[in-house]
Amino acid sequence: MDLSRQILLTLVMAALLGGVALWVGRLENWRTGTPTVGSGGATEHRRPTREKPSGLLRWLTTVDHKDIGILYGVYAMSMFVWAGVAAVIMRLELLTPASDLIDPAFYNSLLTTHGITMLLLFGTPVLAAFGNYLIPLVIGADDMAFPRINAIAFWLLPFGTVLVFAGFLPVDGLLPAQTAWTMYTPLSNGAGIGTQANAGVDLMLLGLHLTGTAATMGAINFVVTIFTERGAGVSWANLDIFSWTVLVQSGQILFAFPLLGAAMVMLLFDRNFGTTFYTVDGGDPILWQHLFWFWGHPEVYILILPAMGIVSLIIPRFAGRKLFGYRFVVYSTLAIGVLSFGVWAHHMFSTGLDPRLRGSFMAVTLAIAIPSAVKTFNWITTMWNGRLRLAAPMLFSIGFLSNFIVGGVTGVFLASIPVDLLLHDTYYVVGHFHYLLMGGLGFAVFAGIYYWFPLFTGRMYQRTLARFHFWSTLVGTNVTFFAMMLLGYGGMPRRYASYLPQFVTMHQVATAGAVILAVGQVIFFWNVVQSWLEGRRVDSDDPWHLEEQGLLTTEWTWFAERRQALTDGGSDEAAGPTSGSDSTSGSGSGSADRSNGGNDDAGEGPGSSPNRTEEV
C-alpha cells in the first residue's frame with residue numbers, strides 16, 4: 001500500500017512538473033536578459049523585442065541577472081529571519097538549566113534547521129544575490145552566461161526549502177529532523193528506537209539535494225560568465241577582487257557539493273533500501289564524517305571568501321586609497337581555495353585517527369591560517385594613513401575584520417590536537433564558528449547591502465538607524481559568542497537543551513547578547529524596508545563620492561546610465577524595483593527630513609559639508 005502511494009505521488013509530481021515545463025515553453029519572449037552572441041563583451045547582441053512583463057509574472061519568468069539577484073536576496077533574508085527566530089527560542093530555553101520552555105525534541109529540531117538554514121539556505125544564496133546582481137555589471141557583461149539556468153538554479157531553492165522544513169508541517173506522523181546540521185551516522189540512518197527513522201529526515205535530505213544542485217548550477221554559471229563574458233577592458237590582471245573570490249568559491253562548490261550529494265544519496269539508500277554504507281554491520285559510520293567534512297570545511301570558505309571579496313572592495317573606497325597588495329590578496333584567495341580541501345579531518349581528531357594523519361591535518365590547518373593572515377594585514381595596511389569615512393558600509397567592514405581576527409585566532413587553537421581533544425564538541429567550537437559565520441559573513445553582507453543600497457533601490461537608507469544596527473550587532477555578537485567560548489572552557493557540551501547549574505550565568509549572558517543581536521536585526525529590517533519604500537532618492541550618479549578619488553567601479557557607471565535613461569523618459573529594460581520611477585535630483589527632496597533625517601552617509605564624502613573624514 002505504501003509503495004503504491006509513493007508511485008502515485010511520484011506520477012502526480014512528474015505530471016505537475018511536465019505541466020509547468022509546457023506552460024513556460026508556450027510563453028513568448030519571456031526571456032528578459034540580453035542574449036549574447038559569442039563572448040568577451042565585444043560581440044553583437046540581439047535586443048529583446050518588448051519590455052519585460054510587470055507584476056508577479058515578471059518575477060516568475062525573469063532571467064535578468066539583476067532581478068534574480070533581488071530574488072536571491074529576498075529569499076535569503078527571509079531564511080535569515082527564520083534562523084534568527086529559531087536561535088532566539090533556543091537561547092530563551094537555555095536561560096535556565098531545566099527544559100521548561102520547549103521540550104528537548106523540539107529544541108533538537110530547531111537546532112537542526114537553524115544550522116542548515118544559516119549555512120545552505122541563507123549563507124550560499126545571499127552571496128549568490130550579490131554575485132548575480134553585481135558580477136555582470138563589474139566585468140562588463142550583458143548578463144550571466146546562461147540566464148535560463150540562472151533562473152532555474154534559483155527556483156530550485158524554494159522547493160528544496162519546503163522539503164527541508166516539511167517535518168514542521170501539520171501532517172500526521174511527520175516529524176522534523178533532529179540530527180543536527182552535521183547529520184552524523186548512525187543516528188541519521190535511523191538506527192535505534194529514536195525518531196530519526198521518520199520520513200522528515202528523508203524529506204530534509206531530498207531538500208538539501210535540491211539546494212545543492214542549485215548551488216552547483218549557479219557555480220557553473222559564475223565560472224563560465226567570468227571566463228567568457230568579460231568586457232574588452234577587463235583582464236585577469238585587473239579583475240576586481242570580488243569576482244576573484246566568487247570564481248574561487250564557485251570552483252570549491254563544483255568539487256564539494258557533488259560529493260555531498262553522493263554522500264546523501266548513500267544515506268538515503270541506507271535508510272530506505274537496506275544498504276550498509278554507514279551502518280556498523282557491513283559499513284562504517286565514520287565514512288559519513290569523512291565525506292561530510294570534505295564538503296563541510298570547504299563550505300566554511302565557500303561562505304567566507306565572497307564575504308572577504310565584499311570587504312576587500314569596500315574598505316579601499318572608504319579609506320581613500322587602492323587595496324594594498326592586490327596580487328597577494330588574489331594569491332591568498334587561490335591558496336585558501338586549494339588548502340580548504342586538505343583540512344577536513346581536523347574535525348575528527350577525537351575519532352581515533354592514526355596519529356600520523358592527525359599531525360598532517362594539523363599542519364595543513366595551521367598553514368591555511370597564513371593566506372587568511374595575508375588578507376587581514378592587507379586590509380589593515382589599506383586603512384593605515386588613509387582618510388577613513390566611517391559610513392555604515394565601512395563600520396561593518398571594520399567589524400568584520402575584528403570578528404574575523406577573533407574567529408581566526410580561536411581556530412588556530414582548535415587546530416592544535418591536544419587543545420582540540422579538550423574542547424571538541426563544546427560551546428567553544430560554537431563560539432568560534434559563529435564569530436566567523438555571524439561575525440564574518442553576516443557583517444560583510446550588511447556592509448554590502450548598505451554600500452550598494454543606492455544601486456539596488458535608487459534611494460538612501462537612514463544613517464542613524466544603520467549606526468544603531470551596527471553597534472547593537474557588534475555588541476550582541478561579541479557578548480553572545482564570547483560567552484559561549486567561556487562556556488566551552490568550562491566544559492559545557494554543545495547541542496544540549498538542559499545543563500548543569502554551574503553554567504547558568506554564562507548561558508544567561510549569552511542569551512542577553514542574543515536579545516541585543518535580535519533587536520539590531522529588527523532595526524535593520526525596518527531601515528531597509530522603510531528606506532526602500534520611502535527613503536530619499538539618490539540625487540547623484542556617484543553617491544559615495546568615489547570618482548574624485550579614482551575608485552569608481554563600473555556598476556556605478558551603469559547606475560549613472562540608468563538614472564540618465566529614466567531622467568530622459570526612456571525605458572529601462574532591466575531595471576530593479578525603481579524601474580519607471582523618477583530618480584532626478586529634484587524628486588523626493590521634500591521628504592528627506594521625514595524619511596532620512598535630512599542626511600545620509602553619502603554626505604560623508606570628501607569635499608562634502610561638513611567634512612566628516614578622519615585621518616588615521
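**Figure 1. The left-handed crossing of H12 and H14.** In this predicted model, helices H12 and H14 cross each other in a left-handed sense. Helix H12 covers residues 392–415 and helix H14 covers residues 427–457, and the two pack at an angle of about 160° with their axes 8 Å apart. Angles over 145 degrees count as roughly antiparallel, and H12 and H14 are therefore roughly antiparallel to each other. Sorted by class, the residues in the contact of H12 with H14 comprise 18 nonpolar and 10 polar ones, with no charged residues.

**Figure 2. The pairing of H4 with H5.** The axes of helix H4, residues 104–139, and helix H5, residues 147–164, come within 12 Å and cross at roughly 165°, so that H4 and H5 are roughly antiparallel to each other. The crossing in which H4 passes H5 is left-handed. On the H4 side the meeting residues are Ile 116, Leu 121, Pro 125 and Asn 132, and on the H5 side they are Asn 150, Leu 157, Thr 161 and Val 164. This contact of H4 with H5 divides into 5 nonpolar and 3 polar residues, and no charged residue takes part.

**Figure 3. The largest nonpolar core and the surroundings of Trp 452.** The largest nonpolar core has 163 residues, and those with the most contacts inside it are Phe 130, Phe 400 and Trp 452. Helix H14 gives the most to this core, with 22 residues. When residues up to four places away in sequence are not counted, Trp 452 touches Phe 130, Leu 134, Ile 310, Leu 313, Glu 555 and Trp 556. For the chain as a whole, 54% of the 616 residues count as buried, and its secondary structure consists of 18 helices and 2 strands. Among contacts in the chain with a separation of 6 or more, 81% are between residues 24 or more positions apart.

**Figure 4. Leu 239 in the loop between H6 and H7.** Leu 239 lies in the loop that runs between helix H6 (199–228) and helix H7 (241–272). Because its relative accessibility is 0%, Leu 239 counts as buried. Apart from neighbours within four places in sequence, the residues in contact with Leu 239 are Ile 139, Ile 226, Arg 230, Val 234, Trp 244 and Tyr 326. Of the residues in that list, Ile 226 is 13 residues from Leu 239 in sequence, and the two are 9.3 Å apart in space, C-alpha to C-alpha.

**Figure 5. Backbone geometry in the loop between H5 and H6.** Most residues other than glycine have a negative phi, and most peptide bonds are trans. Thr 185 and Pro 186 are joined by a cis peptide bond, with omega about 5°, and Pro 186 has its place in the loop between H5 and H6. Ala 180 also lies in the loop between H5 and H6, and its phi is near 65°, a positive value in a residue other than glycine. With a relative accessible area of 7%, Ala 180 is buried.

**Figure 6. Asp 425 in the loop between H13 and H14.** Asp 425 is found in the loop between helix H13 (417–423) and H14. Although Asp 425 is not a glycine, its phi is positive, at about 60°. Its relative accessible area is 32%, so Asp 425 is partly exposed.

How values were computed. Residues numbered from 1 in each chain as written. Predicted model: local features only at pLDDT ≥ 70, side-chain atom pairs only at ≥ 80, totals over all residues. Heavy atoms only, no water. Axes fitted to C-alpha atoms, helices over the stretch in contact; angles between N-to-C directions. Helix = DSSP H or I, 4+ residues; strand = E, 2+ residues; numbered from the N terminus. Parallel < 35°, antiparallel > 145°, perpendicular 65-115°, else oblique. Left-handed = near helix turned anticlockwise from the far one by under 90°. Contact = heavy atoms within 4.5 Å. Nonpolar A, V, L, I, M, F, W, Y, C, P; charged D, E, K, R; others polar. Core = buried A, V, L, I, M, F, W, Y, C linked by side-chain atoms within 4.5 Å. Buried < 20%, exposed > 50% of the residue type's maximum accessible area, 1.4 Å probe, protein only.
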